[in-house]
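Hi,

Here is the structure I promised to pass on. Have a look at it first, and then read my notes below.

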Amino acid sequence: MAEILKSGMDPESLDAVDKSVRETVQAILERVRTEGSAAVREYSQKFDNWNPESFRLSDAEIQDCIDSLPAQTIDDIKFAQAQIRGFAEAQKASMLPVEVETIPGVTLGHRHIPVKSVGCYVPGGRYPMVASAHMSVVTARVAGVDRVIACTPPTNGKAHPATIAAMALGGADEIYLLGGVQAMAAMALGTDEIAPVDMLVGPGNAFVAESKRQLFGRVGIDLLAGPTEILVLADDTADGEMCATDLLGQAEHGPNSPAVLVTTSRRVAEDTLREIDRQLGTLKTAEVAGKAWADYGQVILVEDDEEMLREAERIASEHVEVLTENPRWFLDRMTNYGSLFLGKETNVAYGDKVIGTNHTLPTKTAARYTGGLWVGKFMKTVTYQQCTEEASVVIGEYCSRLCAIENFWGHKEQADLRLRRYGGRNTA
């Protein structure tokens, strides 16, 4: 039986969409839908104090951002993008077309077709999320998307150079200095300056997430994501310093970011609690991370690996670090997670920034039914079928009878017409 050594808020409290957020987003989307660019400009001025002649950055402005960065920063961005691009290319290579003759003369198949246009949102706010540009722009490019645009909010009235460089080096066709719900609305609905896209991707705050929810259907989305999460699984081979460091490393994302330790070791649990208190005394983001840990941190002591596995499956966390003697035991058995980080040598920060897997992942137990953003999310798997005359007669006979069972007489006539044309059948 699991023992709770530290509990956080009821997870169900994360599920309720704040009414004011929902209503604010709805109002903004409606105004952009009816008023277009004028509404976008009004909201950009209101929320970001930003109303330039053009939201789109020129080639010269983009190059100025790139030129302002140290060579090491450019090299680091290129290295991260190379890892993400390489893994996305390997994933795409696994997505093969299918064509099969199911019975003589009946050919069925599927193809993977890239979405035509994608809008990538890269957050600013508390932190400039440079890596989010890699995850969306680079991956969309690998998928073969024709038009990739990107939006990011201004930082104190200016573009954040590293974010803009990452967008440009990743292959964005158009870059707009525009943030929040107004950016999502502009990309999805279109304005005088921005042609609408077919799909929106990327993380953001509660308002951005809610705008994706309300725009879904008008456009496609990657997934609905809440505050970022971490689950650390640890046995007696782990240590409190590493567990605490990795938990706080994700908790610093925001004051409502869940951070959970599940362990078979009371020593590790108690050491982690002491270490978190110690590290919060020096961590530069302690104000945010400490709030998240106080409200959403948990430590759960379990009896053995099997119980640890059951807890992990129940929690279905976005990020799961496996700091155990045999981490691949969990790889072979776990099914509910966004991404696994196996062994003490890796960590969530690697995945968030550079290692090559995508960091846009399911939260709030959505890992029970979906994975995260990957090259396949930008592609539509569509089917086709073709029959010979002889096969049309075989299939037609079955189809005619099955349609009659359902009283679909128009459907039945489609089959009967082929039976008369190609089989000489009397279907009157």
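Predicted model: local features only at pLDDT ≥ 70, side-chain atom pairs only at ≥ 80, totals over all residues.

Before anything else, a word on element names: helices (H or I, at least four residues) and strands (E, at least two) are DSSP runs, numbered from the N terminus. Residues are numbered from 1 along each chain as its sequence is written.

**The annotated sites**

His253 sits in the loop between α9 and β10 (259-263). UniProt, in an unreviewed entry, puts His253 under "binding site" together with Gln250, Asp352 and His411. These four do not all gather at one spot, because the farthest two C-alpha atoms are 55.4 Å apart, over a span of 162 residues in sequence. UniProt positions are in the numbering used here, with feature names shortened, and annotations may be inferred rather than shown by experiment.

Is His253 buried, partly exposed or exposed? Buried means under 20% relative accessible area, exposed means over 50%, and partly exposed is in between (1.4 Å probe, protein chains only). At 24%, His253 is therefore partly exposed. Gln250, in helix α9 (residues 240-251), is buried because its relative accessible area is 4%.

For contacts, I mean heavy atoms within 4.5 Å. Not counting residues up to four places away in sequence, His253 touches Arg126, Tyr127, Met129, Thr228, Val288 and Asp352.

Tyr121 belongs to strand β4 (residues 117-121) and counts as buried, at 4% relative accessibility. Among its contacts beyond four places in sequence are Cys151, Leu178, Ala183, Met187 and Pro203. Asn205 is in the loop between β7 (199-201) and α8 (206-215), and at 46% it counts as partly exposed.

Both of these side chains also make a polar contact, that is, a pair of N or O atoms within 3.5 Å; within protein, one must be able to donate a hydrogen and the other to accept it, and residues adjacent in sequence count only if both atoms are side-chain atoms. A polar atom of the Tyr121 side chain lies 2.8 Å from the backbone nitrogen of Gly180. For the side chain of Asn205, a polar atom is 2.9 Å from the backbone nitrogen of Val208.

**A sheet**

What is the strand order in the open sheet of 3 strands? The order is β2-β3-β14, with antiparallel pairing. Its edge strands are β2 (98-103) and β14, each of which pairs on one side only. Two strands pair if DSSP finds at least two bridges between them; β3 (residues 106-114) and β14 have 9. One example is His110, whose bridge partner in β14 is Thr383.

**The inside**

Helix α6 (residues 161-170) is largely enclosed by the rest of the structure, because 7 of its 10 residues are buried. Those buried residues, including Ile164 and Met167, pack against α3 (59-67), α4 (71-93), α5 (130-143), β5 (147-152) and β6 (174-177). Just after α6, Gly171 has a positive phi of about 110 degrees.

A nonpolar core here is a set of buried Ala, Val, Leu, Ile, Met, Phe, Trp, Tyr and Cys residues joined through side-chain atoms within 4.5 Å. The largest one has 65 residues, and those that touch the most other members are Val118, Met167, Leu178, Met187, Leu200, Leu215 and Phe378. Helix α7 (residues 180-189) gives the most to this core, with 8 residues. Apart from it lies another core of 21 residues, among them Val232, Leu247, Ala251 and Leu323.

Finally, Thr360 is in the loop between α14 (348-353) and β14 (379-387). Thr360 is buried, with a relative accessible area of 6%, and its contacts beyond four places in sequence include Met135, Pro203 and Asp222.

Cheers

Terms used. Heavy atoms only, no water.
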